[in-house]
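The entries follow in the order in which I looked things up.

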Amino acid sequence: MNIVVLVKQVPDTESPRKLKSDDSTLDRAAADGVINELDEYAIEEGLRIKEAQGGEVTVLSMGPDKATESIRKALAMGADKAVHVIDDALAGSDALQTSYAIAQALGRTGFDLVVLGSESTDARTGVLAAMLAERLGVPQLSLANKVEIDGSAIKVQRQTDYGFDKVEASLPAVVSVVEKINEPRYPSFKGIMAAKKKPVETLGVADAGIDASQVGLANAATEVVDFAEAPPRAQGQIVTDEGDGGAKIAEFLASKKFV
Amino acid sequence: MAEILVLVDHVDGEVKKVALELLTLANRHGEAAAVWVGPGYENAKDRLAEYGAGKVYVAADEELTSYVVAPKAALLAQLVAEKSPAAVLVSATAEGKEIAGRLAVKTGSGVLTDVVDVADGLVGEHSIFGGGIIAHAKVKTGTPIIAVRPNSIAPEAAPATPAEEQVSVSLSDNDKAAKIVEKVVQEKGERPDLTEAAIVVSGGRGVGGAENFSIIEGLADSLGAAVGASRAATDAGWYPHSFQVGQTGKTVSPQLYIAVGISGAIQHRAGMQTSKTIVAINKDPEAPIFELVDYGIVGDLFQVAPQLTEEINKRK
């Protein structure tokens, strides 16, 4: 089975995340880059499916040079090879354009199954799986907390507010996973060493069949008008409990008409 | 004024509060036209009328709710083509955003996800990077598709007499590619939905174990609140993951958020920072959650929280 796992390098949540003042895009230099957390669950799920079904796991990532770090991590976890879509023309692409570029790249890699995290911790749009399914004309099996494959039949549990939906479809398909679907493995030393020798193919926009006039900041369907640091919240009242802390909160809540 | 389509969130005819918020927002920037998908409209029509749905497109065919997301996007795309609305509003729930995503591809339109307000010119306000930055963005191409965070807008009653129009859409094979064979409802009791609740009480690492979450639930129930949990608590298996508030869980924006035994790491703050009033109970005076609070108690949650519950119950 040809399993393609999508991986995104994001700014570390723990480091200062900023937008650049000139073009309002993410300031990637200001923050340490890490692999998007939910992508680790996607890699793990891809590896488990490969282990059960046979086949190959390809990591597909779009992003600047630094994305190599996240690609290496995915390879160290056990993916077989990687495709890195890298081109200055892609910088500043919004969700709609990103889905176009990745769909084109998937046309080059081919796939039976695309696995990705349900959202990234930086943009948090949560739209990519849906957009890809729409563009590729394959089933959208998103927000999965359980995946079962039997031949070309695929069943997932889709997490919902009320519980979950049982969803059935046929491969090829796009699956997005939620946290807790599995326990992602840590790369072993052997895995880390092996990752250095695994093939990473780099594709520019032309190589990936991406029309450069459809991507990048200037051609985006959305634009950031302005941004500013959020005003700090007014300093609240902080009281050390002297045996009446609960009563004091109740008074505060009453003063705000919550009780 | 042009129509603004509002996709109505409902569960079997019971309208979610966010739908009323979207109707209010739509009427600020145009004329709200509700889009109803699936059975149950008859039970909901009075409520939609009360909150200003001057028009309702009713697509009652149950088939539209039998497949994952795609049929709703197909219906909206057809309405966008036929009615040329000024914008489409959906709720910024996981599913709402997915519908927005597919609709954006179908119509070649830009999409704004998780806005907390919409200003003149359909400029969306976003609270990003864990609430640290307020950004404004707009759609340049196509029909603006805007996903709005629940609890961001106060719904206002604005009685209307809706003009109803039955609509249907023929689904393609692609729209029917992911079939929902069963909807499994997990017991959540009488508590409100986490993302819709006016009050949320969350427990974290300090709660110390699954058995102690009864303290959180007791406090929540005294306030008619939803229960949430920090990642530390869900990772430890003390509370189900679906109740996790934070960057990799739910984003909530209630009137009142009470954090109990939660230190307030950025991962958690990303999910609750736009709450209107924040209260915390934590034994560590240095906990970052206290930077956010309107009122905080430094103390032992096992003393403070039960006392608070008792005081609230006394005042009823």
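Is Lys256(A) buried or exposed, or something in between? I found Lys256(A) partly exposed, because 15 other C-beta atoms lie within 10 Å. The cut-offs I used: a residue is buried if 20 or more other C-beta atoms lie within 10 Å of its own, exposed if 12 or fewer, and partly exposed in between, with C-beta atoms placed from the backbone.

Conventions, noted once. The model is predicted, so I note that local features need pLDDT of at least 70 and side-chain atom pairs count only at pLDDT 80 or more, while totals for chains, interfaces and linings use all residues. Residues are numbered from 1 along each chain as its sequence is written, and chains are lettered from A and ligands numbered from 1 in the order in which they are written.

**Entry: around Lys256(A).** I placed Lys256(A) in the segment after helix H6 (245-255) of chain A. Helices (H or I, at least four residues) and strands (E, at least two) are DSSP runs, numbered from the N terminus. I also checked Arg185(A), which is 71 residues from Lys256(A) along the chain; their C-alpha atoms are separated by 47 Å. Lys257(A) is found in the segment after H6 of chain A as well. Lys257(A) is exposed, with 7 other C-beta atoms within 10 Å. Its phi is positive, about 65 degrees, although Lys257(A) is not a glycine.

**Entry: other backbone points in chain A.** I noted a positive phi of about 55 degrees at Leu143(A), which is not a glycine. Leu143(A) belongs to strand S7 (residues 140-150) of chain A and is buried, with 28 other C-beta atoms within 10 Å. The peptide bond from Leu171(A) to Pro172(A) is cis, with omega near 0 degrees. Pro172(A) sits in the loop between S9 and strand S10 (173-177) of chain A.

**Entry: chain B overall.** I counted eight helices and 17 strands in chain B. The radius of gyration of chain B is 21 Å, close to the 20 Å of the globule rule for 316 residues, so chain B is as compact as a globular protein of that length. The radius is taken over C-alpha atoms, and the rule is 2.2 Å times the number of residues to the power 0.38. The C-alpha trace of chain B spans about 60 × 40 × 40 Å along its principal axes. Buried residues account for 59% of the 316 residues in chain B. Of the contacts in chain B between residues at least 6 apart in sequence, 67% join residues at least 24 apart; two residues are in contact if their C-beta atoms, placed from the backbone, lie within 7 Å.

**Entry: domains of chain B.** The domain assignment gives domain 1 (3-176) and domain 2 (199-315), with bounds from an automatic or database assignment. I read 31 Å between the C-alpha centres of domain 1 of chain B and domain 2 of chain B. Eight residues of domain 1 of chain B and nine residues of domain 2 of chain B make the contact.

**Entry: between the chains.** I found 76 residues of chain B in contact with 68 residues of chain A. The side of chain B that touches chain A has 39 nonpolar, 22 polar and 15 charged residues. Here Ala, Val, Leu, Ile, Met, Phe, Trp, Tyr, Cys and Pro count as nonpolar, Asp, Glu, Lys and Arg as charged, and the others, Gly among them, as polar.

Strand S9 (residues 163-170) of chain A pairs with strand S12 (residues 179-185) of chain B in the antiparallel sense, over six bridges. Two strands pair if DSSP finds at least two bridges between them. Val167(A) stands opposite Ile180(B) in S12(B).

Strand S13 (residues 237-240) of chain A pairs with strand S17 (residues 295-298) of chain B in the parallel sense, over four bridges. Gln237(A) has Tyr295(B) as its bridge partner in S17(B). S17(B) also pairs in the parallel sense with strand S16 (residues 277-282) of chain B, over four bridges. There Ala280(B) has Gly296(B) as its bridge partner.

**Entry: the open sheet.** I traced an open sheet of 10 strands with mixed pairing, in the order S12(A)-S9(B)-S8(B)-S7(B)-S10(B)-S6(B)-S1(B)-S4(B)-S5(B)-S11(B). Strand S12 (222-229) of chain A and strand S11 (163-166) of chain B stand at the edges, each with a single partner strand, so one side of each is left without a neighbour in the sheet. Strand S5 (residues 55-59) of chain B pairs with S11(B) in the parallel sense over four bridges, and Val56(B) has Glu164(B) as its bridge partner.
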